Amino acid sequence: EIIAVDKGYTEAFMDSDGDEHGAGLGKIMTEYSDKASKTGKARNKLHALEKKHREARHIAKADRIKNNNLGTKKVKARKDKAQKRIRNMAFKAAHSVVDKASVVVSEDLSRPITKKHPWKKHNRRMSAWAKGTLAEALESTTQQRKARHVLVNAAYTSQMDSNTHLLEGKREADKFYCANGDVLQADFNAARNLLHRYFDHEITLYTPYREVRRILLARSSGATERQGA
């Protein structure tokens, strides 16, 4: 079987059949993010207090704050623990995907996150790390189990209606509202579009996103003309 997978947030992967793999990934990342945010705010206050005492020549007090409250061991241990849990989940999810298919289609998950997201810095960094780990898990597992992993161009696959594969419908949070009234889980909709992209010979992995948009708009215009005729 050929299936496509889209990287989710609540789950590691959502496949083009609508099955989740690695459910709970989002919970791990949210727990880490919330704790890191709380710790970061507290440490910022302590850094300011330490600086204040040092500038006031209260060196002993400043040193106590620095030595007792501003260490990095606990912060690093928490991060390492979260990364280990994510890595374990990523590989279990990848094996679950390969249990279903001999050909796995995905976007290139190894590409860095370049857009500005409304996440905190630590959350953005952890998300980028998790994305790379998912890419590693999928590539490693498919090789180990003699399956094929095929990368496709993911441009606009989250914005297309997977019923028509045209730029219509609308994504809102984790839902996609299709032109015919269907409401799909957004990652499921994207995975279906990724599977369709595997068979699309006009849009290759290296087609620039502006050219992808031009092709999709041309197809939309052609569909409208056919309907009108």
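Author: Hi! One term before we start: axes are lines fitted to C-alpha atoms, for helices over the stretch in contact, and angles run from 0 to 180 degrees between N-to-C directions. Helices (H or I, at least four residues) and strands (E, at least two) are DSSP runs, numbered from the N terminus. This is a predicted model, where local features need pLDDT of at least 70, side-chain atom pairs count only at pLDDT 80 or more, and totals for chains, interfaces and linings use all residues. Residues are numbered from 1 along each chain as its sequence is written, and side-chain values use heavy atoms, with hydrogens and water left out.

Reader: Thanks! At what angle do helix 1 and helix 2 cross?

Author: Roughly 160°, and the axes of helix 1 (residues 25–55) and helix 2 (residues 59–69) come within 7 Å. Helix 1 is therefore roughly antiparallel to helix 2 (angles under 35 degrees count as roughly parallel, over 145 as roughly antiparallel, 65 to 115 as roughly perpendicular and the rest as oblique).

Reader: Okay, new topic: what is the strand order in the open sheet?

Author: The order is 3-2-1-4-5, five strands with mixed pairing; two strands pair if DSSP finds at least two bridges between them. Strand 3 (20–23) and strand 5 (148–151) stand at the edges with a single partner strand each, so one side of each is left without a neighbour in the sheet.

Reader: And in which sense do strand 1 and strand 4 pair?

Author: Parallel, over three bridges, with strand 1 at residues 2–7 and strand 4 at residues 103–106. Ile2 has Val103 in strand 4 as its bridge partner.

Reader: Which strands does helix 3 lie across?

Author: Helix 3 (residues 73–100) lies across strand 1, strand 2 (11–15), strand 3 and strand 4, and runs at about 165° to strand 3.

Methods. Contact = heavy atoms within 4.5 Å.
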